[in-house]
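Let's take a walk through this structure together. Keep the viewer open as you read.

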Amino acid sequence: MDNINNLYQELIIDHGTEPRNCHVMPNSNHDAEGFNPLCGDKIHVYLLLDNDIIKDISFISKGCAISTASASIMSEILKGKTLQEAQNIFLQFQHLLTTEDPAPSGLGKLIALAGVREFPSRVKCATLAWHTFKDAAQLNKSRENHD
Ligand code: ZN
């Protein structure tokens, strides 16, 4: 277990210090800003959507290592996915962070962030990028309208 935790810790440090897809996207067609007042994390998520496919995703952020690492890992995972797939991954990720259930398969590197569930105040750091992504993709709105 210790080895696995070390591996996860390294993954978070890696993505926290050298985040992937961390830049402004000049040709984005959707974007949103998010703020986590509990920790002071700020993020701006950019999307290039082609109908419901995430052709490209990037972000800029100013915050703690967990919020930056989570955004970086999210950007890697969501590129090329459909909005529906993204929504499903987010629901699984949220479940992982807020329950004691074993991690579902298919979350990939996101499992590295499971450790934050022992620190409820940090869960918002890990989910900020995702909530901001949903705002950018207007998933919150479109779900409400359709359901
Ligand atoms: Zn934070």
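This is a predicted model: local features need pLDDT of at least 70, side-chain atom pairs count only at pLDDT 80 or more; totals for chains, interfaces and linings use all residues.

Residues are numbered from 1 along each chain as its sequence is written, and side-chain values use heavy atoms, with hydrogens and water left out.

Start at the zinc ion. Its protein donors are Cys39 (SG), Asp41 (OD), Asp41 (OD), Cys64 (SG) and Cys125 (SG), at 2.2 to 2.7 Å. Donors here are N, O and S atoms within 2.8 Å of the metal (3.2 Å for Na, K and Ca); water is not among the atoms, so sites may look incomplete. Along the chain, the donor residues follow the spacing C-x1-D-x22-C-x60-C. Cys39 sits in the loop between strand S1 (30-36) and strand S2 (41-50), and Cys64, 25 residues apart from it, in the loop between strand S3 (53-62) and helix H2 (65-78). Helices (H or I, at least four residues) and strands (E, at least two) are DSSP runs, numbered from the N terminus. Cys39 is partly exposed at 36% relative accessibility, whereas Cys64 is buried at 15%. Buried means under 20% relative accessible area, exposed over 50%, and partly exposed in between (1.4 Å probe, protein chains only).

S1 and S2 run antiparallel, joined by seven bridges; strands pair if DSSP finds at least two bridges between them. Glu33 has His44 in S2 as its bridge partner. The two strands form a hairpin with four residues between them, and Gly40 in the turn has a positive phi of about 90 degrees.

Next come the helices. The buried residues of H3 (residues 83-98) include Gln87 and Phe90. Both are in contact (heavy atoms within 4.5 Å) with Lys134, which lies in helix H4 (residues 120-137). Lys134 is buried yet has no salt bridge. A salt bridge is a side-chain nitrogen of Lys or Arg within 4 Å of a carboxyl oxygen of Asp or Glu.

By that rule there are four salt bridges. Asp14 and Arg20 meet at 2.8 Å, N to O, and Arg20 also forms a salt bridge with Glu76 at 3.9 Å. Arg20 lies in the loop between helix H1 (2-17) and S1 and Glu76 in helix H2, so this pair ties together parts that are 56 residues apart in sequence. Asp14, Arg20, Glu76 and Lys109 are linked in a network of salt bridges.

Conventions:
The expected span of a helix is 1.5 Å times one less than its number of residues. Lys and Arg count as positive and Asp and Glu as negative; His and the chain ends are not counted. Lists of a residue's contacts leave out its neighbours within four places in sequence.
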